[in-house]
Amino acid sequence: MTNEQTPQIGGTAGGQDLARTEGTVPARFEDPGLPEHRLRQSDVDPAAAKRAERQVVAMFAISILGTIGFLLAYFLVRPGETVASMRISNIALGISLFLAMFGIGAAAVHWAKTLMSDHERQEARHPQRSDAATREAALDVLRQGAEDSGIGRRGVLKGAVVSAVALAPLTVAVPLIGEVGGDWNVSKFRHTLWERGKRLARDPSGEPIRAADVTIGSVFHVIPENLREEGGSHWIEEKAKAVVLMVRMDPRDLKETPERAGWSYDGIVAYSKICTHVGCPVALYEQQTHHLLCPCHQSTFDMSDGAKVVFGPAARPLPQLPITVDDDGYLIAQDDFDEPIGPSYWERLR
Ligand code: FES
């Protein structure tokens, strides 16, 4: 279609009315208005309205069952020491939480579409700030809406919505209250399983790593050797604290401060994998720039320069694990991290 054939909606240019007629194309599109209003089944058939009400009640009931299921899962399906038990716990919590929230949402939508009033109105645009009379009218509409929802007349529905909405916050409140008596001793973040002489091992196999096997440009996900045995029943928490990302670069690319001279081994550096922003695992290493990117909020750390923050919301560098090699050529820690791992707020307690 050429410009000449394009229908013009209206307006002027150079004093000339652009609106025009080309063949059968109208000069302006007329407002077609609202299509004819069609009554819903529930508007004309009391049985259909009753059916819709039962469906809404059923959805709220699903929400109530979801909340109860969440509480049961929270107290009865506790995560144990195995990954499988954590998965089962997470799945049980996730499914029940989904039902608790979805039930309320679906019920609200179905209620609005089938039982609330279905008047169609047209309103001209007006200034955003309403005058007092309009506000009063708005309040009347809200009151009318409450009336239209039929909540006063439908006792079972009223009970269902009140129960579902009142119970749903328990899915958040109970776990939070459960944590009140938990272990809030944040000093446990100061120390990890790393200690002098502890070998660096591959995650997840636990196989110790020889320095000779770490080629320039390679990236290793690292855990302390014998993590499972030494972590005991808390080995997963210990792993979460101790995980390390290790890379090797040309030693000439490394910028080491005098205090940290000797913390790396022939271009191999190891840093905590826990982002100092809010604790996501950082693992996206860019070989050419030596930048390490956190996928959560894009904090970027320079592995060649003390893991300093070069971009993003993280407030401090990643803690460094000082390393060296033992007599057999295996990489070992010289000590624990020099500062608490994880988000910056732990620093306040230092
Ligand atoms: S957790 Fe890493 S940038 Fe936010």
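## Starting with one residue

Where is the place of Gln298? Gln298 sits in the loop between S8 and strand S9 (300–302). Helices and strands here are DSSP runs, numbered from the N terminus: a helix is H or I and at least four residues, a strand is E and at least two. Gln298 has a phi near 65 degrees, a positive value in a residue other than glycine. With 13 other C-beta atoms within 10 Å, Gln298 is partly exposed. Here's how that label works: a residue with 20 or more other C-beta atoms within 10 Å of its own is buried, one with 12 or fewer is exposed, and anything in between is partly exposed, with C-beta atoms placed from the backbone.

## What you're looking at

This is a predicted model, where local features need pLDDT of at least 70, side-chain atom pairs count only at pLDDT 80 or more, and totals for chains, interfaces and linings use all residues. Residues are numbered from 1 along each chain, as its sequence is written.

The chain has eight helices and 12 strands. Of its 350 residues, 22% count as buried. Take the contacts in the chain with a separation of 6 or more: residues 24 or more positions apart account for 59% of them. Two residues are in contact if their C-beta atoms, placed from the backbone, lie within 7 Å.

## Two helices side by side

Two packed helices are described by the angle between their axes and the distance between the axes. For helix H2 (residues 46–76) and helix H5 (residues 155–167), the axes come within 9 Å and cross at roughly 25 degrees. That makes H2 roughly parallel to H5. Axes are lines fitted to C-alpha atoms, for helices over the stretch in contact, and angles run from 0 to 180 degrees between N-to-C directions. Angles under 35 degrees count as roughly parallel, over 145 as roughly antiparallel, 65 to 115 as roughly perpendicular, and the rest as oblique.

H2 passes H5 in a left-handed crossing (the near helix is turned anticlockwise from the far one by less than a right angle; clockwise would be right-handed). On the H2 side, the contact includes Val56, Phe60 and Ile64, while H5 brings in residues including Leu157, Ala160 and Leu167. The residues of this contact divide into 11 nonpolar, three polar and one charged. Nonpolar here covers Ala, Val, Leu, Ile, Met, Phe, Trp, Tyr, Cys and Pro; Asp, Glu, Lys and Arg count as charged, and the others, Gly among them, as polar.

## A strand covered on both faces

Now look at strand S5 (residues 244–248), where five of its five residues are buried. In a regular strand the side chains alternate between the two faces of the sheet. In S5 both faces are covered: Val244, Met246 and Arg248 are buried on one side, Leu245 and Val247 on the other.

S5 pairs in the antiparallel sense with strand S4 (residues 219–224) over four bridges, and Phe220 has Met246 as its bridge partner in S5. S5 also pairs antiparallel with strand S6 (residues 268–272), over five bridges, and there Val247 is partnered by Val269. Two strands pair if DSSP finds at least two bridges between them.

## A four-stranded open sheet

Elsewhere, four strands form an open sheet in the order S7-S8-S9-S10, with antiparallel pairing. Strand S7 (284–286) and strand S10 (308–311) each have a single partner strand, so one side of each is left without a neighbour in the sheet. Neighbouring strands of this sheet are turned by 35 degrees against each other on average, direction ignored.

S9 and S10 form a hairpin with five residues between them, and Gly306 in the turn has a positive phi of about 65 degrees.

Most residues other than glycine have a negative phi, and most peptide bonds are trans. Asp266, in the loop between S5 and S6, has a positive phi near 50 degrees. A cis peptide bond joins Asp203 and Pro204, with omega about 10 degrees; Pro204 is in the loop between strand S3 (200–202) and S4.

Finally, find Ile341 in the segment after strand S12 (331–333). With 27 C-beta neighbours inside 10 Å, Ile341 counts as buried. Not counting residues up to four places away in sequence, Ile341 touches Phe189, Thr192, Lys241, Ser272, Ile274 and Pro319.
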